[in-house]
Every structure is written in structure tokens, then in C-alpha cells.
Amino acid sequence: MMCKNIILMIKHSIIIFNLCYFLGFAWIILVMVSRDVEFNEHISDNQDEFKVRHSDDFMTYYRMNENSPIKNTIIVFYFAFTTLSTVGFGDFAPTNNPERVACSVILLVGVATFSVVLGNQSAIIEKYKIINQDLEHSE
């Protein structure tokens, strides 16, 4: 029984890790797609005007084009985890309206996911409390 609960806790951790990883990269894809759509709508504009208009998007604001892929992976994972857990320290945040809409969806998913996982973790802890009480009373 104890081994089964430990495996369940590990499973929950893996689910959270995977969710953060994939949401982080979905976030970057969203930012890049919204940037490309905007660029294609204003194809006649020159690059300098495009850069000025996009100085407020997530990738430009946090200078992600200058980072290594590993550092960007850490940034988006951290951003997704703090957003999913609704902690949101504020060091990485959405910077324009499409990003804010996507972030709102991530927050809703995060609340539901963390509620389920924490509810299951609480149930596991309660089982351990009952087992400990039974062991104490049997002695």
C-alpha cells in the first residue's frame, strides 16, 4: 500500500512536470505565431518598424533571441510552472493582449490541475494518518 501511494505521488509529479514543459513550449509557439501573423499583415513595413511594434512581446522583452536554447527552456518551464501554480512571481509575465488571453487560459488549466493533484496528495496523507493511528492503537 505504501509503495502504491509513493508511485502515485511520483506519477502526479511527472504529470505536473510534463504539463509545465509542454505549456511552456506552447507559450513560445503562441508568441512566435502571433508575431508572424502581425508581420505578414504588415509585410510592407520595414524591419525597424516591426521591431519597435514588437518590443513589448515576451521574446523581445526578455531577450530570448540572445539566450541559449537551454536557458530558454528553463525560462519557459519556470514561467509555465509559476503560472500554473498561480504563484506568478512577476519576473516573467505576458506583455501584450494575445499573451494575456493565453495566460488566462493557462491559469484556468493550472487551477484545475493543481486542485486535482493536491486533492489526491491530501487523500494519500490521510491514508497514512489512518495507518499510523491503527498502528499506535494496536500497540
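The largest nonpolar core has 20 residues, and those with the most contacts inside it are Trp27, Ile28, Phe58, Met64 and Leu84. A nonpolar core here is a set of buried Ala, Val, Leu, Ile, Met, Phe, Trp, Tyr and Cys residues joined through side-chain atoms within 4.5 Å. The elements that give two or more residues to this core are α1 (2-41), α3 (58-61), α4 (69-84) and α5 (97-138), and α1 gives the most, with six residues. Helices are DSSP runs (H or I, at least four residues), numbered from the N terminus.

The model is predicted: local features need pLDDT of at least 70, side-chain atom pairs count only at pLDDT 80 or more, and totals for chains, interfaces and linings use all residues. Residues are numbered from 1 along each chain as its sequence is written, and side-chain values use heavy atoms, with hydrogens and water left out.

Leaving aside residues up to four places away in sequence, Trp27 touches Phe58, Phe79, Pro94, Glu99, Ala102, Cys103 and Ile106. Contact means heavy atoms within 4.5 Å.

Helices α4 and α5 pack at an angle of about 65 degrees, with their axes 8 Å apart. The axes are lines fitted to C-alpha atoms over the stretch in contact, and angles run from 0 to 180 degrees between N-to-C directions. On the α4 side, Phe79, Phe81, Thr83 and Leu84 meet Cys103, Ile106, Leu107, Val109, Gly110, Val111 and Phe114 of α5. By class, this contact has nine nonpolar, two polar and no charged residues; Gly counts as polar.

The structure holds five aromatic pairs. Rings of Phe, Tyr and Trp (its six-membered ring) pair if their centres lie within 6.5 Å; planes under 30 degrees apart count as stacked, over 60 as edge-to-face and the rest as tilted. Two of the pairs are tabulated.

| Pair | Centre distance | Plane angle | Class |
|---|---|---|---|
| Phe17 and Phe77 | 5.0 Å | 50 degrees | tilted |
| Tyr21 and Phe22 | 5.2 Å | 85 degrees | edge-to-face |

Phe17 lies in helix α1 and Phe77 in helix α4, so their pair ties together parts that are 60 residues apart in sequence. Buried means under 20% relative accessible area, exposed over 50% and partly exposed in between (1.4 Å probe, protein chains only). Phe17 is partly exposed at 47%, as is Phe77 at 23%. Tyr21 is partly exposed at 34%, whereas Phe22 is exposed at 55%. Tyr21, Phe22 and Phe25 form one aromatic cluster.

A search of the whole structure finds zero disulfides, defined as pairs of cysteine sulfur atoms within 2.5 Å. Cys3 is exposed, at 53% relative accessible area, while Cys20 is buried, at 0%.
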